Amino acid sequence: MVASALWLCLTAGARAADEIRIGVLDFLGSEATVGEWSPMLRHLEARLPGRSVRLLRMDHAGMRAAVTADEVDFIVTNPGHYIELEAELGISRILTLDAGKGHPPERALGSAVVVRADRSDLQSLADLRGKRLAIVGREGFGGFQLVWGELDAIGLSPDEDLAELQSLGLPMSRVLDAVAGGRADAGVVRTCLLETLNGEARGIRVLAPRAEPGFPCATSTSLYPDWPLARLRHTAPELAKSVAIALLSMDAERDGLAWAVPADYQSVHELFRRLQIGPYAYLREPTLMVLAQRYWPWVAGFSLALLGWILYTVRVEYLVQQRTAALSNALAERERLESAARSAQERADHLARLSVLGELSGTLAHELNQPLASIANYANSINLRADNGRLTPASLREATGEIAAQAERASGILSRIRSFARKRTAAREAVAPAELAGDAIALFRGMMAQAPDIRLDDSLPPDAAVEVDRLQIQQVLLNLLKNGYDAGRGLPPERQPLEIRLAESGSGLDITVRDHGCGLDDSTRVRLFEPFFTTKTDGLGLGLSICRSIAESHGGRLTASTPTDGPGACFTLTLPGLARGHAHD
């Protein structure tokens, strides 16, 4: 193919060690493709000093060959082509193109069926029956596959119900030329191509445009995610991370392009599954009628074999009936054993719930014992003074005040545990960091019968505040405190205390929880935040993973480090948007 030869020409020659090669699907033509992606190249070279960036224009076949031979580090292609290469060659998306203009990356790409403006006989997609349709090729996502999906939804087959399916290849302007010249009744192009060409597209209109709120261009199909930037298997993770960070800093108005975190391409998978193409081509199975017409000698032989099999089946049926009784008994025994196993599991689950309830009850009893005992003592003191005639108004007010204070203390213990455990709608508010840490410490002490000493080091201004979901951040701090408590359990008393440090970090807030345990080895630190990874015998491995998700949902991060002044581990929760003058009174 011509475009494949173009790829070979561009990739010839030795490759520099500091060169980044990015393959781009060339659907507009060489000049337009270079103009569209040049801002990305300039931005990468500016943000990654010492590295050169090279753009390689390719067609579908050329890009597949380049990925197979590891001739590129990254590729930018349409969602359909990406799904195929992901399943076949193991590439993975790291970013999704964000075209801006008011529509999200998840709804940014569609197809437009174009016809000449003077074709009044073409008003809907159903009118394409018996017509000539021009496409770039069957592998084209916006250039064919999206319209294929719409035709399939209304019962039209491109191969059976169209007069001709013309594959013209890239660039996509060939489709417009074929429609304008009358060589095709209709054509398929990517959405927004007509709007981009302006005057060059005069005399052509979009067939059956759909109403897509917020989308600036006419489209004949549903909208799908925009083009992804994908890394290859051989691409170093450090390089992929650097490129992703650099591209995420692009601004559409300033740089002409922008990128977003990877979009969900499930809609593309569903389309391909319905059309039985790409990774789902294995689902396309011929019908019995097609097989009979194509392989009738084999069908005849199969029929004879089937007849022999039926005779054999009749012969062995008697033997099967003899063994049915034994099999039924075995199945009944199996069902009995499975029922017994289920009952045992249910009892074990019930005992586990009772164990947790018992542990919680013991903790509450331990914490509530002191205020309840104080209330009883003051009440008995009032009775004794009343019996001895020494009950004065002052002593009565003192005793009742103490009773009220101890009752409020007991109520506070129950209120903190109940408010933390109850379901509620997530809401963010400006909260003083010291108040956040203090509430978490109080709740932790209320839940642990023998909580270690916790020192709070607050170097923030008195009026500092941060806007967070209070209970989610308390959940993170409680998890970190519990991990620190577990790390110091069994060690000498001087290594059991925990520390919480509050400090500014640029315009954000750092909350660091420090323990004096055995620390983290390199292998543990690498997998620390992976779901289901745990070093505890009774742990699920979800606590730190959930904590990191909470931090990232606040626009922050959760990191682990080793302290320089002794043993242990430090976990730092960084939150953005530290402000002053908004703390609660």
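Colleague: In what order do the strands of the open sheet of five strands lie?
Modeller: This is a predicted model, in which local features need pLDDT of at least 70, side-chain atom pairs count only at pLDDT 80 or more, and totals for chains, interfaces and linings use all residues. Residues are numbered from 1 along each chain as its sequence is written, and side-chain values use heavy atoms, with hydrogens and water left out. Strands (E, at least two residues) and helices (H or I, at least four) are DSSP runs numbered from the N terminus, and two strands pair if DSSP finds at least two bridges between them. With mixed pairing, the open sheet has the order 7-6-8-5-9.

Colleague: Which strands form the edges of this sheet?
Modeller: An edge strand here pairs on one side only. The twist from one strand to the next averages 30 degrees. The edges are strand 7 (164–167) and strand 9 (204–206).

Colleague: Do strand 6 and strand 7 run parallel or antiparallel?
Modeller: Strands of a sheet pair through backbone hydrogen bonds, in either direction. Strand 6 (residues 132–135) is joined to strand 7 by four bridges, and the two run parallel.

Colleague: How do strand 5 and strand 8 run, parallel or antiparallel?
Modeller: In this pairing, Ala112 stands opposite Val189 in strand 8. Four bridges join the two strands, and the direction is antiparallel.

Colleague: Which residue stands opposite Val115 in strand 9?
Modeller: Strand 5 is joined to strand 9 by three bridges, and these strands run antiparallel. The residue of strand 9 opposite Val115 is Arg205.

Colleague: How many residues of strand 5 are buried?
Modeller: Buried means under 20% relative accessible area, exposed over 50%, and partly exposed in between, with a 1.4 Å probe and protein chains only. Strand 5 is largely enclosed by the rest of the structure, because the buried residues number five of the six.

Colleague: At what angle does helix 6 run to strand 8?
Modeller: Helix 6 (residues 173–180) lies across strand 5 (111–116), strand 6, strand 8 (186–190) and strand 9. Axes are lines fitted to C-alpha atoms, for helices over the stretch in contact (heavy atoms within 4.5 Å), and angles run from 0 to 180 degrees between N-to-C directions. For helix 6 against strand 8 the angle is about 155 degrees.

Colleague: Is the crossing of helix 5 and helix 10 left-handed or right-handed?
Modeller: The axes of helix 5 (residues 141–153) and helix 10 (residues 266–275) come within 10 Å and cross at roughly 60 degrees. A crossing is left-handed if the near helix is turned anticlockwise from the far one by less than a right angle, and right-handed if clockwise. The crossing of helix 5 and helix 10 is left-handed.

Colleague: How many residues in the contact of helix 5 with helix 10 are charged?
Modeller: Among the residues that meet are Trp148 and Asp152 in helix 5 and Phe272 and Arg274 in helix 10. Ala, Val, Leu, Ile, Met, Phe, Trp, Tyr, Cys and Pro count as nonpolar, Asp, Glu, Lys and Arg as charged, and the others, Gly among them, as polar. The contact holds eight nonpolar and two polar residues, and the charged ones number two.

Colleague: How far apart are the axes of helix 15 and helix 17?
Modeller: The contact of helix 15 with helix 17 divides into seven nonpolar, six polar and no charged residues. One of the residues in helix 17 that take part is Cys547, which at 2% relative accessibility counts as buried. Helix 15 (residues 470–488) and helix 17 (residues 543–553) pack at about 145 degrees, with an axis separation of 10 Å.

Colleague: Which two cysteines form a disulfide?
Modeller: A disulfide is taken as a pair of cysteine sulfur atoms within 2.5 Å, and a search of the whole structure finds one. The sulfur atoms are 2.0 Å apart, and the residues are Cys192 and Cys217.

Colleague: How many residues apart in sequence are the parts that Cys192 and Cys217 tie together?
Modeller: The torsion about the S-S bond is about 105 degrees, so the disulfide is right-handed. Cys192 lies in the loop between strand 8 and helix 7 (193–197), and Cys217 in the loop between strand 9 and strand 10 (228–231), so the separation of the joined parts in residues is 25.

Colleague: Is Gln276 buried, exposed or partly exposed?
Modeller: Gln276 is found in the loop between helix 10 and helix 11 (288–294). Although Gln276 is not a glycine, its phi is positive, about 60 degrees. At 27% relative accessibility, Gln276 counts as partly exposed.
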